[in-house]
Amino acid sequence: MFSSRVPARLRAVLAVGAVTALAAAGCSSSTSSKSAAKGDSPITIGLITALTGSNKALGPDHLNGFQLYLDTHGDKLGGHTVKLDVGDEANGGAAAVPVAKKMIEQDHVLAIAGIVATPTIQAVVPIATAAGVPVVNTGGRPTVKDVSHLWTMSFMSTDPGGAMGPYLAQNVQGSVYAFGPDYQGGYDQLRGFTDSYTKAGGKLANDGGKPTFTPFPTTDDFTPYLAKVKASGAKAIYCFYTGTNAIAFVKAWAQSDAKDIPLYAAGFITEGATLKAEGPAANGITTSMNYSPDISSAANRAFVSAWGQKYNGEAPPATAMYSWDAASVLDQAIAKAGSNLTPETINAAIKAMGQIDSPRGTWQLSADTHVPVQKWYLRKVEMDGTALANVKIGDLATIGS
Amino acid sequence: MGTLDTYFVPALDGVAWGLLLFVAAAGLTLLFGIGGVLNIAHGTLFALGGYLAATVSDGSWSTAILGMVVATVGGTLGGAVLAAGTLPLAERGHLPQALLTFGLALVGGDILSTIYGGDPHPVVIPSSVSGTMHIFGHVYPTYRLMFIVVASVLALAGTYVLGRTRAGALLRAAADDRDMVGAMGYAPWRVHAALCGAAGALAGLAGGLGAPIIGPAPDAADKVLMLSMVVIVLGRPGSVAGAFFAAIAVGEIETVGVTISSNWAPYLLFGLMALALVGRTFRGSADSAGAAGVAGAHA
């Protein structure tokens with residue numbers, strides 16, 4: 001009698017999420033111009049992010065990075081005043097379809113930015129592509145058949161591990177124990193690591209030489225897994241975890257027999273609020289990421305100081321930087337598209353774009369996958385002033401295809 | 001050392017994890033097994049306790065203890081809301097109660113995430129218990145060792161109150177024969193309110209004590225509700241001793257079991273739970289007197 005309640009609960013939560021999304025879609029005003037804007041007439045840009053639902057914690061950064069770019073650029077992209085049309089993808093996937101349809105059909109947006117969850121990409125991109133509207137995506141990037149109108153600002157799921165693999169093969173004297181959560185994102189992340197690590201001559205310490213996948217999201221106690229790491233004689237750990245899983249893993253590691261085995265990970269394990277909740281347990285974790293707030297470049301200093309001014313002196317998370325770049329890419333594409341401003345001319349302008357100057361350094365979109373070809377950095381969690389921060393300690397490879 | 005040595009930490013951790021599940025499930029098993037109230041908002045009360053304790057505690061012992069008190073009081077108040085809501089539904093079975101408490105869980109969860117945000121909340125505990133200790137050459141968190149002691153005391157106290165005191169006897173009597181308890185001069189609504197309050201207090205305290213292990217986050221409520229359900233179903237609703245042994249068993253399955261075969265980790269718990277339920281069904285039909293009636297079984 002109990003097990004039947006859980007799916008019922010889930011269904012109800014999904015239903016509530018769907019209703020909220022519909023309500024949000026119905027409420028946002030639609031006093032906007034048509035798509036063919038002339039001169040400096042105002043334009044409408046859509047931004048879809050998770051304001052409610054299971055990704056609520058991630059959603060605001062996707063909005064805030066974009067909004068910060070507008071704030072610091074006179075609310076203009078490519079010389080046109082922008083009306084930002086914000087929609088809620090809620091729990092992602094089908095819930096975002098009415099939101100995207102309304103943006104395209106009623107609000108006549110020139111482009112859609114944001115999108116947190118990969119199922120939302122799979123639901124929204126075909127609709128946008130059919131209407132010729134470019135999607136400038138700031139969240140995860142799943143496999144999509146037709147990428148003609150999809151432009152990803154973040155990374156390919158295999159990239160963080162792909163950057164770290166060769167480094168660990170060279171710098172760890174012995175085998176590495178690899179961990180990840182048991183879902184598609186975890187498999188992709190770990191495949192990126194194990195492929196590049198073993199190709200560079202590394203050997204996994206796991207049973208059977210394959211990475212260990214922990215039940216997701218139900219693993220709360222990682223202590224038994226870490227006892228196995230210690231017993232395996234591994235000289236380092238590599239893992240990909242996010243959110244509450246990351247916090248539980250890091251806390252267990254810092255208080256286990258395995259605490260003298262260095263922990264390497266994809267950067268998300270120590271981003272933003274996750275790092276704060278981990279506290280001192282995270283000290284010394286080394287990560288690979290395509291961004292570090294202490295990169296010394298004019299573009300990064302401007303971004304970090306603008307973010308700090310608005311948000312209590314905090315360091316910007318990587319997600320906010322992807323979203324800042326989404327606004328920056330649209331800014332340049334709209335300027336280049338000139339007077340004939342339609343979703344298709346903007347899409348063509350993004351396609352023709354060369355090097356992009358960004359807080360993370362210069363990067364460009366791969367002509368093939370439409371994902372950044374970019375440099376990855378090695379970061380270490382250290383005390384920076386009074387708080388723990390991800391401090392850049394070196395460069396890893398430049399990847400992207 | 002040998003293979004056995006590898007399993008020392010997982011086995012010890014299984015006890016700590018099991019006791020956490022026991023403490024987390026205690027409020028639910030009390031209310032469901034004895035009060036007959038199916039409280040879907042139980043996990044939300046746990047999360048409330050966790051958030052309150054984490055907000056009050058700043059790393060000193062005095063605030064840590066104050067945090068436990070605030071969490072318990074918060075849980076009790078939550079229990080009072082529950083009592084007021086479920087009292088009119090007392091004679092209408094579990095479904096209306098489940099629906100109401102499900103609604104309360106949704107509303108409560110939304111209030112919590114509005115106040116505390118969608119991010120996991122940091123938990124600071126006194127530095128003398130935030131470190132590690134060495135036991136037989138292994139490193140283990142001090143807090144979890146302390147938790148084993150505190151939770152054992154709680155388990156003993158609970159068994160004593162329910163089994164050996166007048167108040168406990170009254171609660172068990174109310175479960176068996178509500179009218180008779182009324183005839184003895186105790187208004188049923190008072191017994192109901194006391195049960196809901198006690199269950200809420202337990203859930204809040206569990207949230208406070210468990211916060212350094214299952215941190216307050218938006219998904220904590222669902223997680224705790226699910227695991228508590230497993231524990232009370234395995235331990236038979238209302239049985240404190242049953243819940244205790246079920247919780248320790250679940251703890252060991254999730255630690256030693258995972259160490260023996262991590263490939264089976266996703267299936268171990270629910271697979272064994274299914275086996276236990278099937279086994280019990282056959283045994284139950286064999287001795288027809290053993291009706292595991294939800295309100296009838298207790299310690």
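Predicted model: local features only at pLDDT ≥ 70, side-chain atom pairs only at ≥ 80, totals over all residues.
Chain A has 401 residues, and 55% of them are buried. Its secondary structure consists of 12 helices and 15 strands.

The next step is the interface. On the side of chain A, 31 residues are in contact with 49 residues of chain B. Together the two chains bury about 3300 Å², with 61% of this area on carbon and sulfur atoms. Nine residue pairs are in polar contact between chain A and chain B, counting pairs with both residues at pLDDT 80 or more. Four elements of chain A each give two or more residues to the side that touches chain B: α1 (5-27), α7 (223-232), α8 (243-254) and α9 (272-278). The largest share of that side, six residues, comes from α7(A). Two salt bridges are found across the interface of chain A and chain B. One of these pairs is A:Asp221 with B:Arg144, whose closest N and O atoms are 3.1 Å apart.

Over all chains, the search of the whole structure finds zero disulfides. A:Cys239 has 0% relative accessibility and therefore counts as buried, since buried means under 20%. B:Cys196, at 1% relative accessibility, counts as buried because its value is also under that cut-off.

Technical notes
Residues numbered from 1 in each chain as written. Chains lettered and ligands numbered in written order. Heavy atoms only, no water. Disulfide = S-S within 2.5 Å. Buried < 20%, exposed > 50% of the residue type's maximum accessible area, 1.4 Å probe, protein only. Contact = heavy atoms within 4.5 Å. Buried area = accessible area lost by both parts, 1.4 Å probe. Salt bridge = Lys/Arg side-chain N within 4 Å of Asp/Glu carboxyl O. Polar contact = N/O pair within 3.5 Å; in protein donor to acceptor, adjacent residues only side chain to side chain.
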